Amino acid sequence: MTFRTSREIGGSAIWLVLWEIVGLCSSATLQAEVPPAASVESTRPAPVTAAAVRQHIDYLASPRMAGRGGPQRLLAAKYIRDHFGEAGLLPLFPEGEFYQPVPGARAIGDDQDAEAPIIGVNVGGWIPGSDPELCDEYVIISAHYDHLGIRNGELHPGADDNASGVSMLLETARAVSRMPVKPRRSVVFVAFDLEEELLWGSRWFAAHPPWPLERLKLFMTADMIGRSLGNLPLPTVFVLGSEHAPLLQSTLDQVSVPEGLEIARLGIDLIGTRSDYGPFRERQIPFLFFSTGQHADYHTPRDTPDLIDAEKVARVSNVVLAVALEISDSEEVPVWTDAPPPSLEEASAIHRITELVLEADRTGARSMSGVQRFFVSQVHAKTGNAIKLGRITEPERRWLSRSSKLLLLSVF
Ligand SMILES: [Zn+2]
C-alpha cells in the first residue's frame with residue numbers, strides 16, 4: 001500500500017484514511033510528486049560519481065577545517081547539515097533539528113545534578129519511506145565526520161579517515177532524495193561526531209535514538225573507504241558484520257558490484273570494535289561496516305586528499321546505496337544471529353587478499369620483508385587448502401581469525 005496506490009484507487013474517504021496513515025511517517029512522502037505510472041527504471045537512483053565525492057573530500061580535508069578536531073569541527077557539521085537540507089532530507093531529531101547535541105560524560109565527583117557540557121554534535125536527516133506500513137522501520141547509513149585536528153602543531157587532514165565516508169554519506173543521501181519513488185522503509189543519514197573519542201557520538205545516539213531502536217532494521221557505517229590495505233594496489237572493500245544476519249550475506253552476494261571493485265566479506269570478530277558500528281553491534285542490531293583497510297598514513301598528517309582514490313569511494317558508495325535500497329524495499333528484514341558457523345566465504349576473501357598481496361610483491365608494486373612474505377604465503381596456502389577441501393573447521397577458523405587480525409591490523 002503506497003500513496004501512489006491511493007491515487008489510483010481514488011475516492012476521498014480512502015484518500016483521507018491513507019493520509020492519516022501516511023501522515024504518521026511524514027508529510028514529505030506526500031510532497032514528493034510521485035508520477036502515477038513510474039517505471040521500474042525510474043525507481044533506481046543515479047549512481048554516485050567520483051567527481052561528486054571528490055568535491056566533499058577536498059573541502060572537508062582542507063586546511064580550513066583544521067583537521068575537524070577543535071571548534072572548526074562545527075564548520076564540517078554545518079556543511080553536512082546544509083547539504084542534508086538542500087537535498088530535502090527531514091531533520092532527524094526532536095523539534096525539527098538536524099543537530100543532536102552530545103554532552104560529555106560526568107566524572108565521578110562531579111555535581112551529578114548539573115548538566116554536563118555539550119562536547120559534540122551528531123548531524124542527522126531522513127527520507128520517509130513510501131510504504132505507510134513500513135515507513136516506521138529504518139535503515140541507517142552513517143559515517144563519522146570528526147578527526148584528530150591539529151596535533152603537535154601539525155594538521156591531520158583526515159581525508160581517508162573519514163572525509164571519504166562522509167562524502168559517501170552526502171552523496172547517497174542526495175541519490176535517495178532524488179528518487180521519484182522512495183524506498184518503502186525510511187532511510188536515515190547520520191554523521192557522527194566524537195568517533196575518535198571512544199565512539200562517544202554514536203554511543204550517545206544509540207542511547208538516545210529518535211525512535212525505539214527495535215525499529216532500526218539495518219545500521220551501516222563506512223570508515224576509510226578511499227585508500228587500500230597497506231597502500232597495496234587492491235581493488236577491495238572489506239565488508240564486515242554480515243555473518244550476524246543471513247539476509248545480509250545473501251544481499252551482498254546478489255547486489256551489483258561496480259566494475260573495478262571487489263567485496264571481501266569478513267567476520268567482525270577479526271577486528272573487534274573499530275568504528276561506530278560498536279554500540280549497535282552491542283545491541284544486536286544487524287549492521288555492516290565498510291572499509292578499504294588500514295595503511296601507514298592512518299592517523300598521520302599524510303592522510304591527504306590527493307592520495308584518495310575517488311573512483312573507489314564512488315564505487316563503495318554505490319554498493320552501500322544498493323544494499324540500503326535492497327533492505328529498505330525487502331519483504332524480509334535482517335535478523336540478528338548470534339553464533340555464525342565457520343564460513344568458507346571468509347577463507348576465500350582472505351585467500352584472495354593474500355593472492356593480491358603476493359602478486360604485488362612479485363611485480364614489485366610493493367615489496368614485503370621476508371617475515372611478512374612468509375606469513376602471507378602461509379595464510380595463502382592454508383586458506384587455499386580449506387577452499388580445496390570445501391570446508392573449514394572450528395580450530396582452523398580460530399587460526400584464520402588470529403592470522404587475519406595480524407594481517408589486517410599489524411603486518412602493514
Ligand atoms: Zn575513522
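A residue is buried if 20 or more other C-beta atoms lie within 10 Å of its own, exposed if 12 or fewer, and partly exposed in between. The legends below use these classes for a predicted model.

**View 1. Val181 sits in the loop between helix H6 and strand S7.** Helix H6 covers residues 159-177. Val181 has 19 C-beta neighbours inside 10 Å, so it counts as partly exposed. Gly129 lies 52 residues away from Val181 along the chain. The C-alpha atoms of Val181 and Gly129 are separated by 9.4 Å.

**View 2. Strand S7 is largely enclosed by the rest of the structure.** The strand runs over residues 186-192. Of its 7 residues, 7 are buried, which is why S7 is described as largely enclosed. Both faces are covered. Ser186, Val188, Val190 and Phe192 are buried on one side. Val187, Phe189 and Ala191 are buried on the other.

**View 3. Strand S7 pairs with S3 and with S4.** S3 (residues 118-127) and S7 run antiparallel, joined by 5 bridges. In this pairing, Val123 stands opposite Ala191 of S7. Strand S4 (residues 138-144) pairs with S7 in the parallel sense, over 7 bridges. Here His144 stands opposite Phe192 of S7. Both of these S7 residues, Ala191 and Phe192, are buried.

**View 4. Helix H5 has a span close to the expected value.** H5 takes in residues 73-86, 14 residues in total. From its first C-alpha to its last it reaches 20 Å, close to the 20 Å expected at 1.5 Å a residue. Just after H5 comes Gly88, with a positive phi of about 85°.

**View 5. Helix H5 has a buried face and exposed residues turned away from it.** The buried residues of H5 are Arg73, Ala76, Ala77, Ile80, Arg81, His83 and Phe84. Seen down the helix axis, they fall within an arc of 160°, so they line one face of H5. The face turned away from the buried side carries the exposed residues Asp82 and Glu86. The buried residues of H5 pack against helix H4 (50-60), strand S2 (99-103), S3, H6 and S7.

**View 6. The whole protein gives the setting for these close-ups.** Its secondary structure comes to 13 helices and 11 strands. Of its 412 residues, 47% count as buried. Among contacts between residues at least 6 apart in sequence, 82% join residues at least 24 apart.

Conventions: Residues numbered from 1 in each chain as written. Predicted model: local features only at pLDDT ≥ 70, side-chain atom pairs only at ≥ 80, totals over all residues. Helix = DSSP H or I, 4+ residues; strand = E, 2+ residues; numbered from the N terminus. Pairing = 2+ DSSP bridges. Expected span 1.5 Å × (residues − 1). Arc of directions from axis to C-beta. Contact = placed C-beta atoms within 7 Å.
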